[in-house]
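Student: I am new to this structure, and I would like to learn how to read its features one at a time. Could you take me through it slowly?

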Amino acid sequence: MATKQIKPILSTILRPIQNHRIRIIRFIVQFIMFGLLNGLIFGLARSQIVLPIAFPTGGPFSTVWNAFEALQFALTTWIFPYLALSVFMLFGSILGKTTCGWVCPFGLFQDLFRLIPIKKKKVSRPTNKSLSRIGTAILIFILIMSFVIGITFFNSGTKTTFGAGKDMPYSTIDPASTLFATLYYYLQWGMQEASFGAEIGQWKFLFFLRIIIFIVVLVLITLYPRAYCRWICPTGVLLGFFSRFSIFGLRVNKNRCTSGCDSCEKSCPVQVPILTYDKEVTDKMCINCGECIDACKEGALKLTIRI
Ligand code: SF4
Ligand code: SF4
């Protein structure tokens, strides 16, 4: 009798966990990765690992290199960025944007913001696609700027005229860098010390610019889940370029779909039009988070090796 009464209670308690199984596992992985990426705080050593994630190489406890920063640094120093490009190519073509869904600290930050109980907004498919061009434009602009700095460096042996952005232009405004490095240094040491010897007037201006950009991003990600990933992040754009051909990714079995159901699409944080794909979901926005798999009660979706 007692068992009969306990069973429904247990299933009521466990249902939310079962319904969000992958999301819970992903959160655990994301937090573990966040700890490892900030390993210096636990006594881990700094490594030479380069990852395609939004996390500053110069963060106070960072153990890894940011691939997009490595790419910019190589270009501005007139070195061919073979290492950074290989990282993007390798990760993108093997894992797609899995690092965005499971590893990137700024992705985790956005996922936490998604938990704020404010009604989330969606944009239409064409708008989602159009807005993603902002990220492409930022990427192209930063690459051109890095290239120009690189040529100047090659010709004159110096790039100091480019000020704080001379080594990695995007890092001067990157919200991930603001969150995980600048704010920490500022709160720890104050304006003067946190400028690392840079011209203080310029540093102050950049600091306030950073804060404004960061606040705009905060508002965006509160209203639109993963808005920064979808529309702005240059690392995401580069990974997305290679992820179309990725070996690992999402597969949909349309034979299992219930007619009229679009639970998977409704659950997707980046609004991938899953049902427009026949089998392999090769959308450049997909971060392989698995939330659509949690949402599908027919088992029509799975993350799998696609060869
Ligand atoms: S797209 Fe999002 S998850 Fe991917 S690197 Fe950029 S911020 Fe991180
Ligand atoms: S399609 Fe599925 S796996 Fe891809 S981002 Fe959307 S919910 Fe995540």
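Tutor: Let us begin with the naming of elements: helices (H or I, at least four residues) and strands (E, at least two) are DSSP runs, numbered from the N terminus. Residues are numbered from 1 along each chain as its sequence is written, while chains are lettered from A and ligands numbered from 1 in the order in which they are written. This is a predicted model, in which local features need pLDDT of at least 70 and side-chain atom pairs count only at pLDDT 80 or more, whereas totals for chains, interfaces and linings use all residues.

Student: Is Q271 buried or exposed?

Tutor: A residue is buried if 20 or more other C-beta atoms lie within 10 Å of its own, exposed if 12 or fewer, and partly exposed in between, with the C-beta atoms placed from the backbone. Q271 has 21 other C-beta atoms within 10 Å, and therefore it is buried.

Student: Which residues is Q271 in contact with, leaving aside its neighbours within four places in sequence?

Tutor: Two residues are in contact if their C-beta atoms, placed from the backbone, lie within 7 Å. On that basis, and with those sequence neighbours set aside, Q271 is in contact with K122 and N128.

Student: Where does N288 lie, and what is its phi?

Tutor: N288 lies in the loop between β4 and α13, and it has a positive phi of about 55° although it is not a glycine. N288 counts as buried because it has 21 C-beta neighbours inside 10 Å.

Student: What can be said of A295?

Tutor: A295 lies in helix α13 (residues 291-295), and it counts as buried because 21 C-beta neighbours fall inside 10 Å. Not counting residues up to four places away in sequence, A295 touches S263, C264 and S267. A295 and R21 are 274 residues apart along the chain, and their C-alpha atoms are separated by 9.9 Å.

Student: How should I read the packing of two helices?

Tutor: Two packed helices are described by the angle between their axes and the distance between the axes. Axes are lines fitted to C-alpha atoms, for helices over the stretch in contact, and angles run from 0 to 180 degrees between N-to-C directions. For helix α3 (residues 67-76) and α4, the axes come within 8 Å and cross at roughly 150°. That makes α3 roughly antiparallel to α4, because angles over 145 degrees count as roughly antiparallel, those under 35 as roughly parallel, 65 to 115 as roughly perpendicular and the rest as oblique.

Student: Which residues make the contact of α3 with α4?

Tutor: A67, A70, L71 and A74 of α3 meet L83, A84, L85, V87 and F88 of α4. To sort them by class, Ala, Val, Leu, Ile, Met, Phe, Trp, Tyr, Cys and Pro count as nonpolar, Asp, Glu, Lys and Arg as charged, and the others, Gly among them, as polar. The contact of α3 with α4 then has nine nonpolar, no polar and no charged residues.

Student: At what angle do α4 and α11 pack?

Tutor: Helix α4 (residues 82-95) and helix α11 (residues 234-243) pack at an angle of about 55°, with their axes 7 Å apart. That makes α4 oblique to α11. The contact is made by F88, M89, F91, G92 and S93 of α4 together with L238, L239, F241, F242 and S243 of α11, and by class it has seven nonpolar, three polar and no charged residues.

Student: How many residues of α11 are buried?

Tutor: Nine of the ten residues of α11 are buried, and the helix is mostly covered. What covers those buried residues includes α3, α4, α5 (98-102), α7 (125-156) and α10.

Student: Which residues are around ligand 1?

Tutor: A residue is near a molecule or strand if its C-beta atom, placed from the backbone, lies within 6 Å of it. The residues around ligand 1 are I53, A54, C100, C104, F106, G107, Y228, C229, C233, T235 and G236, and they divide into eight nonpolar, three polar and no charged. At least two residues of this shell are supplied by each of α6 (105-114), α10 (227-231) and α11.

Student: Which residues come nearest to ligand 2?

Tutor: Of the 14 residues around ligand 2, C268, V272, C286, C289 and C292 come nearest.
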